[in-house]
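Welcome! Please take a look at the structure shown here, and then read on for a short tour of it.

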Amino acid sequence: MAVTIEDVKYIANLSHLKFDEKELESFTHQFNEILTFFEKLNELNTDNVVPLSHPVENVNVFREDVLVSSVEREEALKNSPDRNDNYFKVPKVINK
Amino acid sequence: MNSLYEAVIGLEVHAQLLTETKIFCGCSTNFGNPPNTNVCLVCLGHPGALPVLNQKVVEFAVKMGLATDCTINRNSIFARKNYFYPDLPKGYQISQFEKPICEFGKLVVVKNDGSMKEIQIKRIHMEEDAGKSIHDQEETTLIDINRCGTPLLEIVSEPDMNSAEEAYLYLSKLRQIITYLGICDGNMEEGSFRCDANVSVRLKGESQLGTKAEIKNMNSFRNVEKAIEFEIKRQIEILEDGGKIIQQTLLWNAEQNIALPMRSKEEAHDYRYFPDPDLMPVEVDEIWKSEIEKKIPELPDTRCKRFIEQFNLPNYDAGILTSSKELADYFEKVTEVTTDYKSASNWIMTEVLKVLSEGKIGISQFIISPVNLGNLIVLINNKTISIKIAKEVFLEMLKSNQEPDTIIKDKNLLQISDTTEIETIIDKVITANPKDVQEFLSGKEKVIGFFVGQVMKESKGKANPQIVNELLKKKLSQQK
């Protein structure tokens, strides 16, 4: 399965990243290298192997439904690039 | 609807769960707190903060699954649904994709023509809600993370519904079950119970599904019905004109009664689901499942059947009384005071529900206690007061929240059953209306109604109407 430059552009777009032509070519090459490396796994017969969703064999790690105090609003907002007293501010989302 | 066509509808319902805390952290789920105060490193999506699953969310999901005849999957896992939107700080929503907790359920609705329809539930899964975006600013959007991480159940139906009516009934039934279970408040207007509809149409007999449109933003039951009707009509009109349906998302506009294509900067959907490595799989074994099953209260259909049998009520009454758990509880408390079940049902279905709908309140905010309503019915049945007076007492109870006994005593409303007293009034009425007496004597027996009315008026409604009737007939005949 070869990765094309279009695939890389598509993934970059989904990730909200922008690259120039040179970078796109370089990533296409790297993506293909990674996939080729993983192709190695196809040499194994996995017909009777159950898909693994987690490497640790542990289930049901829960917490009780009990309140834990939240962080102060000031603390929550302080690393934000843009904010007002109460809210995070982001560029306008909906075109009105 | 054009009878050549058939609509195919599937619903996706999101129900906010009534837990104290969020699904993956200990922040409060309380609605209406100041913005960005119910937040912590987990729900703010800070790097390295790890989610830990709220056990109660699993219990609630299993309850809903059992109540809708689902298979409860012994093993289920969480997945990341990846997309960028500012109210989702992590850049992915934790949801379930492969191996949801519940699958293959069903419920049955009774249509207005009396026929039954079974609707399959494809899956029920657990996920987190997103935050809230406030779009009313000029240059920016404001973000409140409070709601982010509120536990949701997503309940996905099969595309089994063929009309807006069926969709409405299915949604009502889901809401009834989920509120009986006490795991969601079912409030569509406040957004704690939300519904998206996938609608397509096809020629009858066609086996392939048509292209669907997804309708969002229907924030009441009536809007769901109206929006689906609108969309079915729109699609049929396009097809009839030889056009093609475009797959798109529409937003329902309740003011204009119209569904318009959604306009937003959200990218094309490619969610790239994969198992979330931060969360361990959930295992619901038989022991846990049966423990949860024991906590399930009597469900609406069962309770409705029991009301018909135990209280000898018509289907219609039982259906209305069990429409909500609170109303059914209220009725049952009234029956602890009076065994006149049909009267209890009548009072609730007419007088009580009228007060509730006029005041737009629920039975939990209704001022008259079930014990007092029961006592009022007892007082009618033992002839202390007439039904007419009882309605007056009822209105007074609404105002003062006093016991019916006290009101009757204070307002001197005791029914007059003393024959001497009633006879005095009758004599007075007979003397005052000689012409009507003559009419009666000449065979116009209907005039008796006039006399009963006059006597009741004279007694300010307090005379026992049965005694008045008997005595009047006797006295009038004596006038010959």
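## Lining of a pocket

The residues that line the second largest pocket divide into 20 nonpolar, 17 polar and eleven charged. Here Ala, Val, Leu, Ile, Met, Phe, Trp, Tyr, Cys and Pro count as nonpolar, Asp, Glu, Lys and Arg as charged, and the others, Gly among them, as polar. The volume of this second largest pocket is about 2100 Å³. Among its 48 lining residues, those closest to the centre are Arg175(B), Gln176(B), Ile320(B), Ser323(B) and Ser324(B).

Several elements of chain B give two or more residues to this lining, including strand S7 (102-110), helix H3 (221-240) and helix H8 (341-359). The largest share, seven residues, comes from H2(B). Helices (H or I, at least four residues) and strands (E, at least two) are DSSP runs, numbered from the N terminus.

## How to read the model

This is a predicted model, in which local features need pLDDT of at least 70 and side-chain atom pairs count only at pLDDT 80 or more, while totals for chains, interfaces and linings use all residues; side-chain values use heavy atoms, with hydrogens and water left out. Residues are numbered from 1 along each chain as its sequence is written, and chains are lettered from A and ligands numbered from 1 in the order in which they are written.

A pocket is found on a 1 Å grid over the protein atoms alone, as an open set of points with protein on both sides within 12 Å along at least five of seven lines; a cavity is a set of points where a 1.4 Å probe fits but cannot get out, and lining residues have an atom within 4 Å of a point. Grid points are joined across faces, edges and corners, and a volume is the space filled by probe spheres set on the points.

## Domains and a cavity

Chain B is assigned domain 1 (5-288), domain 2 (298-410) and domain 3 (419-477), with bounds from an automatic or database domain assignment. Taken over C-alpha atoms, the centres of domain 1 and domain 3 of chain B are 66 Å apart. The second largest pocket draws at least three lining residues from each of domain 1 and domain 2 of chain B.

The structure also holds one cavity of 30 Å³ or more. The lining of the largest cavity includes Ser53(A) and His54(A), along with Ile77(B) and Phe78(B). This lining divides into six nonpolar, two polar and one charged residue.

## Helix H15 of chain B

Which residues of H15(B) are buried? They are Ile467(B), Val468(B), Leu471(B), Leu472(B), Lys475(B) and Leu476(B). Seen down the axis of H15(B), these buried residues fall within an arc of 145°, so they line one face of the helix; the arc is that of the directions from the helix axis to the C-beta atoms. Exposed Glu470(B) and Lys474(B) sit on the face turned away from the buried side of H15(B). Buried means under 20% relative accessible area, exposed over 50%, and partly exposed in between (1.4 Å probe, protein chains only).

Asn312(B), in the loop between H5 and H6 of chain B, has a phi near 55°, a positive value in a residue other than glycine. At 67% relative accessibility, Asn312(B) counts as exposed. Asn401(B) also has a positive phi, of about 55°, although it is not a glycine, and counts as partly exposed at 40% relative accessibility.

Thr335(B) lies in the loop between H7 and H8 of chain B. Its relative accessibility is 12%, so Thr335(B) counts as buried.
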